[in-house]
Structures are given as structure tokens and as C-alpha cells.
Amino acid sequence: MQRKAYPPGIAVLLAAALLTGCTSGADPDAEPADAKQGGPGATAPAAEPGRHRTLPEPCGAVDRDTLDSLLPGVKEQPDEEQREKAYQGTATATYDTDRRVGCRWKAESVDATHHLLVDLERVVSYDGEVSDEDRAQEVYAVKEAEADLPAPTASVSEEPSGSASASTAPAGSASPDATGSTAPSEGASGSGDPSEGADSVEDLLPRVLDDLGDSAFLDDALTSSGSAQHREVTVVFRTSNVVVTIGYEAQPTLSGAQPDSKEMQDSARTLASRLVERLSG
């Protein structure tokens, strides 16, 4: 029987198709390549975005009761228009209110001049492998490093049952009087103010705060200019991808008077706690 003849071009194509089918070696039972296993089509999962997508209006972030506590001179302002202006504060300059905002307040009273700053920064990571929260932690860590906080002191452990009693205290130490109380040693203050005790002073040192936001620290600096004493308490905390800085300053009117460290720290921490609640709400 005579075979059918094909044109030369078609014969070449048929031969190539047969050759490919015989030599491909493809396993029909093999599973397709998984792009997630690092193949050419693999893509890394995008990092999680931060919880905060916006920032609150800074000058409205602090309620009036809190401002009255931190800035006693506001209520003392006799002029109503000036008093309202003091409550409103002044927004800090910013190029992008979606990323960073702030507000400043100032009040003068009979006893002192106070300044308050609240600065909020919403951190956004432009690296697909780094989350907004991780980048915010890096920003916070830089601020903590720049504060150069002192190393925490070791806590004093309780005395063992066999330790020396007060009756065998070394010479020169405070001894109990007839009522059982302890008289202050030479050079110690007898005012009874707890902020003047050694333990209380250590408690007021610049330090990391464990009970505020995701990360936080407090700094406290007292400077002198002639007879004027100026104290600035700074609290910085992070909640998710927002880093907040609170700056609270006081300078007494009376020459030589020193702003109370504990009072200022307590006020700044109270404000910080309220801001954490507002950002978390």
C-alpha cells in the first residue's frame, strides 16, 4: 500500500512533536511545584500593619481637668479669653499630620511657670518584611538609648533569721529610742518627707516603666541657672506603632525653690496612662 506523502515542512513539525513527547521525562503523577517552598514564584508574606492608622488631635488629647492639675496657672488666669487660649494650647509644626502631631501648653502661676508638651508619632514601615510595630520599637529604642538611663540598682533582700538585731547595730548607726522609732543619723533629714529617704530617691531615678503601654521609660533632670531651679520630667512610651513623648517642665518663681520630683513624675505618668487608654480605645 502506498504511504501518504506530507509536504516537507509538515513532516519536520511532526517529527519534532514526536521527539519532544518521548524525551520530556515528565512524570504524570508528580505534584506541581509549590511557590511557597522557595521556588521562582515564591513571595514572602507581607509584614503586619500597625494597629493605629490615624492620630488623635493633639491639643484635644488632654482634658481640662488634667491641664488644671499639671498647669495650675491656667485657672488663675483672670482674663477669660487668655484662659481659653491657654487651655487650647499651640499645635507644633508638622509636615504630615497623619504621621506626627504635637501640642504645647504654658501657664504662669504665683508659685511657678509650667510647660507641657505632648508629641505623637505614628510609625510606618516601608519594608515589606518589617512590621510597623517592629519599626516603632526601633524608634522607641533609640529614644531610650539617648536618655542614657542609669543601670537599675539591685533590690535589698530581706535579712536572714540569724542576722544581727538592732541591739547589735554597728557604732554610728541610728538606734531606736524608747518609743521604738528610729532616730535619724547625723546628717539625715528629720522632716519625715518620704521623698527624702534613700529608697524613695532611688524610686524617683530615671528608669524603665513596666506598667505603661508596650514599652516605656521616664527621665527626670534638674538644672540650675543661678538661683533658679528648673526640672523637666519626660515620659516616652510605645503602644503598637505609635510612640508618644510627654515633656513636663516647672520652674519655681521663688529663688532657690526646687520643683518636687515625685509630684511632677506622678502627674506626667497619670497623663501618660490616660493617653494609653485613649489610644487603645
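Begin by selecting S240, which counts as buried because its relative accessibility is 2%; buried means under 20% relative accessible area, exposed over 50%, and partly exposed in between, with a 1.4 Å probe and protein chains only. S240 lies in the loop between β6 and β7. Its phi is positive, about 55°, although S240 is not a glycine.

Before continuing, note that this is a predicted model, in which local features need pLDDT of at least 70, side-chain atom pairs count only at pLDDT 80 or more, and totals for chains, interfaces and linings use all residues. Residues are numbered from 1 along each chain as its sequence is written, and side-chain values use heavy atoms, with hydrogens and water left out.

Next, select D148, in the loop between α5 (132–147) and α6 (198–203). Is D148 buried or exposed? D148 is exposed, with a relative accessible area of 63%. Its phi is also positive, near 50°, in a residue other than glycine.

Now display the whole chain and colour it by secondary structure. The chain has seven helices and seven strands; helices (H or I, at least four residues) and strands (E, at least two) are DSSP runs, numbered from the N terminus. Along the sequence, their order is α-α-α-α-β-β-β-α-α-β-β-β-β-α. Of the 281 residues in the chain, 29% are buried.

A nonpolar core is a set of buried Ala, Val, Leu, Ile, Met, Phe, Trp, Tyr and Cys residues joined through side-chain atoms within 4.5 Å. Select L116, F237 and I246: in the largest nonpolar core, which has 36 residues, these three touch the most other members. Elements that give two or more residues to this core include β3 (112–122), β6 (228–239), β7 (242–252) and α7 (261–280). Which element gives the most to this core? It is α7, with seven residues.

Keep F237 selected and show its surroundings. Leaving aside residues up to four places away in sequence, F237 touches several residues, including L212, V244, I246, A272 and L279; contact means heavy atoms within 4.5 Å.

Among contacts with a separation of 6 or more, 58% join residues 24 or more positions apart. With the surface shown, the chain exposes about 18700 Å² (Shrake-Rupley method, 1.4 Å probe), and carbon and sulfur atoms supply 51% of that area.
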